[in-house]
Amino acid sequence: VQLQASGGGLVQAGGSLRLSCAASTRGFVINHMGWYREAPGKQREMVATITSGDSTNYEDSVKGRFFISRDNTKNTVYLQINSLKPEDTAVYYCNSRARMLGRTLEYYYWGQGTLVTVSS
């Protein structure tokens, strides 16, 4: 599975961005998809995840500001991020949990990341 993230950039505090992550899924079945972020000097953390049945989960600090969605027809997951804060500055990575067709074992795959910088 190849994941291509886009949509990052420089934005002022209070602004919004929409991140996209397109998955190349030939030969695979995608289950969970999600967004993680890695701020300077910090460990990578989960931001939001969405299952194949559209159940969502969010990290506490982003609840009510970040919204994850997916378009299965386009194999794309989105992250709408609103009311951005300087502490949201990080590289945002998309992630998927997938299995090969005909197999049961699932693996995690990562995209290359997109930088979000929030100025105060």
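A residue is termed buried when its relative accessible area is under 20% and exposed when that area is over 50%, with partly exposed residues in between. In the predicted model described here, Arg 37 has a relative accessibility of 6% and therefore counts as buried. The residue belongs to strand E4, which spans residues 28-38.

The surroundings of Arg 37 draw on several stretches of the chain. Leaving aside residues up to four places away in sequence, Arg 37 touches Gln 43, Arg 44, Glu 45, Val 47, Glu 59, Ser 61, Val 62, Phe 66, Asp 88, Ala 90, Val 91 and Tyr 92. Two of its side-chain interactions are polar contacts with the side chains of Glu 45, at 2.7 Å, and of Ser 61, at 3.4 Å. The pairing with Glu 45 also qualifies as a salt bridge, in which the closest N and O atoms are 2.7 Å apart. Glu 45 has a relative accessible area of 32% and is therefore partly exposed, whereas Arg 37 is buried.

A further salt bridge joins the side chains of Arg 37 and Asp 88, with an N to O distance of 3.0 Å. This pair links distant parts of the chain, as Asp 88 is placed in the loop between strand E8 (76-81) and strand E9 (90-100) while Arg 37 is in strand E4, 51 residues apart. Asp 88 and Arg 37 are both buried.

In total, the structure contains six salt bridges. Another of these is formed by the side chains of Glu 38 and Arg 44, again described by an N to O distance, here 3.0 Å. Glu 38, at 28% relative accessibility, counts as partly exposed, and Arg 44, at 34%, is likewise partly exposed. Through shared partners, salt bridges bring Arg 37, Glu 45, Arg 65 and Asp 88 together in one network.

Arg 44 takes part in an interaction with an aromatic ring as well. Its charged end is positioned over the ring of Tyr 93, at 3.7 Å from the ring centre.

Interactions between aromatic rings were examined next. A pair of aromatic rings is described by the distance of the centres and the angle of the planes. The structure holds two such pairs. In one, Phe 28 and Tyr 109 adopt an edge-to-face arrangement, with 5.7 Å from centre to centre and 80° between the planes. Phe 28 is located in strand E4 and Tyr 109 in strand E10 (residues 106-110), so this pair ties together parts of the chain that are 81 residues apart in sequence. Phe 28 is partly exposed, with a relative accessibility of 21%.

The other pair consists of Tyr 36 and Trp 110, whose ring centres are 4.9 Å apart. Because the planes of these two rings stand at 70° and an angle over 60 degrees counts as edge-to-face, the pair is edge-to-face. Tyr 36 lies in strand E4 and Trp 110 in strand E10, so parts that are 74 residues apart in sequence are tied together. Trp 110 has a relative accessibility of 38% and counts as partly exposed.

A covalent link is also present, as the structure holds one disulfide. This bond is formed by Cys 21 and Cys 94, with the sulfur atoms 2.0 Å apart. The link is right-handed, with 50° about the S-S bond.

Cys 21 is in turn among the residues contacted by Thr 76, a residue of strand E8. Apart from residues up to four places away in sequence, Thr 76 touches Ser 20, Cys 21, Ala 22, Ser 69, Arg 70 and Asp 71. The side chain of Thr 76 reaches the backbone oxygen of Lys 74 at 2.9 Å. Thr 76 and Ser 24 are separated by 52 residues in sequence, and their C-alpha atoms are 9.1 Å apart in space. With a relative accessibility of 9%, Thr 76 counts as buried.

Key:
Residues numbered from 1 in each chain as written. Heavy atoms only, no water. Helix = DSSP H or I, 4+ residues; strand = E, 2+ residues; numbered from the N terminus. Polar contact = N/O pair within 3.5 Å; in protein donor to acceptor, adjacent residues only side chain to side chain. Contact = heavy atoms within 4.5 Å. Phe/Tyr/Trp six-rings, centres within 6.5 Å; stacked < 30°, edge-to-face > 60°. Buried < 20%, exposed > 50% of the residue type's maximum accessible area, 1.4 Å probe, protein only. Lys NZ or Arg CZ within 6 Å of the ring centre and 35° of its normal. Salt bridge = Lys/Arg side-chain N within 4 Å of Asp/Glu carboxyl O. Disulfide = S-S within 2.5 Å.
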